[in-house]
Amino acid sequence: MNLYNIKDNSEQVSFAQAVRQGLGREQGLFFPEQLEPLADVDALLDLPLAERSARILSHLLGDEVPAAKVSELVNAAFTFPAPLVKLKDNTYALELFHGPTLAFKDFGGRFMAQCLAAFRTNDKITILTATSGDTGAAVAHAFYGLEGIEVVILYPKGKISPLQEKLFCTLGGNIRTIAIDGDFDACQALVKQAFDDEALKKAIGLNSANSINISRLLAQVCYYFEAVAQLPKADRAKAVISVPSGNFGNLTAGLIAKALGLPVKRFIAATNANDTVPRYLKTGQWEPHQTVATLSNAMDVSRPNNWPRVEELCRRKGWALETLGSGMRDDAQTRAALKRLHQLDYLCEPHGAIAWDLLGEQLAEDEVGVFLCTAHPAKFKESVDEILNLDVPLPGPLAKHAELPLLSVNLPAEFARLRAFLVG
């Protein structure tokens with residue numbers, strides 16, 4: 001598999017190198033040179049999740065990784081289901097929270113960990129990543145205990161849910177966590193600065209596990225096929241998928257699935273009040289505002305890292321950006337959507353509720369809608385309990401970590417302080 005740097009097309013790398021390197025020159029994102037459509041998608045959709053996913057990823061990776069090895073990586077990573085739950089005749093929820101950390105990031109995080117373990121040399125590896133909530137847990141648990149790999153996770157202090165924090169800041173061992181005095185964009189900026197520091201990169205073997213890493217992104221392509229596979233065959237080409245969107249890796253993966261031949265009619269990018277992309281699609285002006293804290297904190301991102309990949313793919317495929325649906329919901333609208341969903345006997349959380357609400361607004365009568373449920377409601381227990389007047393029980397993984405002490409250190413949003421922490 002050959003990939004190129006979107007910012008500097010002369011930088012071309014293999015899949016293994018892209019996994020190890022994370023970012024390209026000038027903080028450029030790597031993107032596949034070839035995205036040939038799959039043969040006989042209908043037959044693929046008849047296969048089980050892991051077998052189908054191995055074939056999709058083998059198709060993307062080409063001769064670089066033997067098919068048997070891809071199957072081994074997938075079978076080790078995708079050990080949990082992604083059920084499609086019917087709410088009413090034309091609306092379905094794709095539940096992506098049945099993995100070990102109860103969030104969609106488990107698909108990408110676990111596949112990346114398997115890839116990096118398979119491709120690593122004897123050199124030291126330090127994973128540095130920023131999280132707005134769920135990435136931290138998925139990455140921490142995927143890499144926990146892996147020999148020769150250190151993980152450092154930055155998160156905005158006080159701006160993720162207490163249970164999200166507990167799930168990845170209580171592990172210790174090779175997992176170190178830092179609460180940054182700032183928002184997610186400040187955390188992300190620190191990660192970018194680290195990757196621009198060549199001496200630091202070399203000294204600690206720097207890599208990233210954000211959705212900027214191509215292995216995470218390609219893993220996420222697979223559950224879009226799983227969603228469509230569970231739809232009635234007559235409805236597949238009418239599918240509209242609403243995606244909760246923060247850093248836009250999830251939407252990028254969906255668009256790649258469409259480029260590979262998945263029969264999806266269109267996508268909706270659903271955001272909270274951090275609505276840089278919906279405003280851009282409406283006005284043509286890229287004007288990020290100051291990030292604001294919301295109920296749907298994993299989408300509190302004003303400068304989405306993966307947006308250049310969306311534009312690159314649309315450019316290559318000749319897809320007009322205007323064909324991408326979009327919209328935002330503020331906290332009051334999110335609360336109302338959660339209540340209406342509960343009246344339909346479906347317990348959701350803020351991110352999924354935003355995707356569902358915008359789907360309902362934009363779905364035509366002859367279309368079938370799917371919205372992504374990216375996290376278990378218990379991960380947002382405080383807000384869900386308060387909004388719905390419930391006492392959501394904690395699943396096993398959350399109950400276990402809720403009782404453990406936090407092991408994080410606190411740092412200001414200053415690169416010099418972070419650098420000293422990393423090298424010390």
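Biologist: How are residues numbered, and which pLDDT do local features need?
Modeller: Residues count from 1 along each chain as its sequence is written, and side-chain values use heavy atoms, with hydrogens and water left out. The model is predicted: totals for chains, interfaces and linings use all residues, side-chain atom pairs count only at pLDDT 80 or more, and local features need pLDDT of at least 70.

Biologist: Which residues touch the most other members of the largest nonpolar core?
Modeller: A nonpolar core is a set of buried Ala, Val, Leu, Ile, Met, Phe, Trp, Tyr and Cys residues joined through side-chain atoms within 4.5 Å. Buried means under 20% relative accessible area, exposed over 50%, partly exposed in between (1.4 Å probe, protein chains only). The largest such core has 158 residues, and the two that touch the most other members are F15 and F371.

Biologist: Which helix gives the most to this core?
Modeller: Helices (H or I, at least four residues) and strands (E, at least two) are DSSP runs, numbered from the N terminus. The top contributor spans residues 214–229 and gives 12 residues. It is helix α10.

Biologist: Is N247 buried or exposed?
Modeller: N247 lies in the loop between β10 (239–244) and α11 (249–259). Its contacts beyond four places in sequence include F184, R303 and W307. Its relative accessible area is 12%, so N247 is buried.

Biologist: How far is the backbone nitrogen of N305 from a polar atom of the N247 side chain?
Modeller: N305 is also among the contacts of N247. The backbone nitrogen of N305 and the side-chain polar atom of N247 are separated by 2.7 Å.

Biologist: What is the strand order in the open sheet of 3 strands?
Modeller: Two strands pair if DSSP finds at least two bridges between them. Here the pairing is antiparallel, and β1 (2–5) joins β2 over 3 bridges. In β2, S14 is the bridge partner of N2. The order is β2-β1-β3.

Biologist: Which are the edge strands in the sheet of 5 strands?
Modeller: This open sheet has parallel pairing and the order β9-β6-β7-β8-β14. Each edge strand pairs on one side only. They are β9 (206–207) and β14 (409–412).

Biologist: How many bridges join β7 to β8?
Modeller: The two strands run parallel. V152 stands opposite R176 in β8. β8 is mostly covered, with 5 of its 7 residues buried. The number of bridges joining β7 to β8 is 6.

Biologist: How far apart in space are E150 and N174?
Modeller: E150 is found in strand β7. At 30% relative accessibility, E150 counts as partly exposed. N174 is 24 residues away in sequence. C-alpha to C-alpha, E150 and N174 are apart by 5.1 Å.

How values were computed. Polar contact = N/O pair within 3.5 Å; in protein donor to acceptor, adjacent residues only side chain to side chain. Contact = heavy atoms within 4.5 Å.
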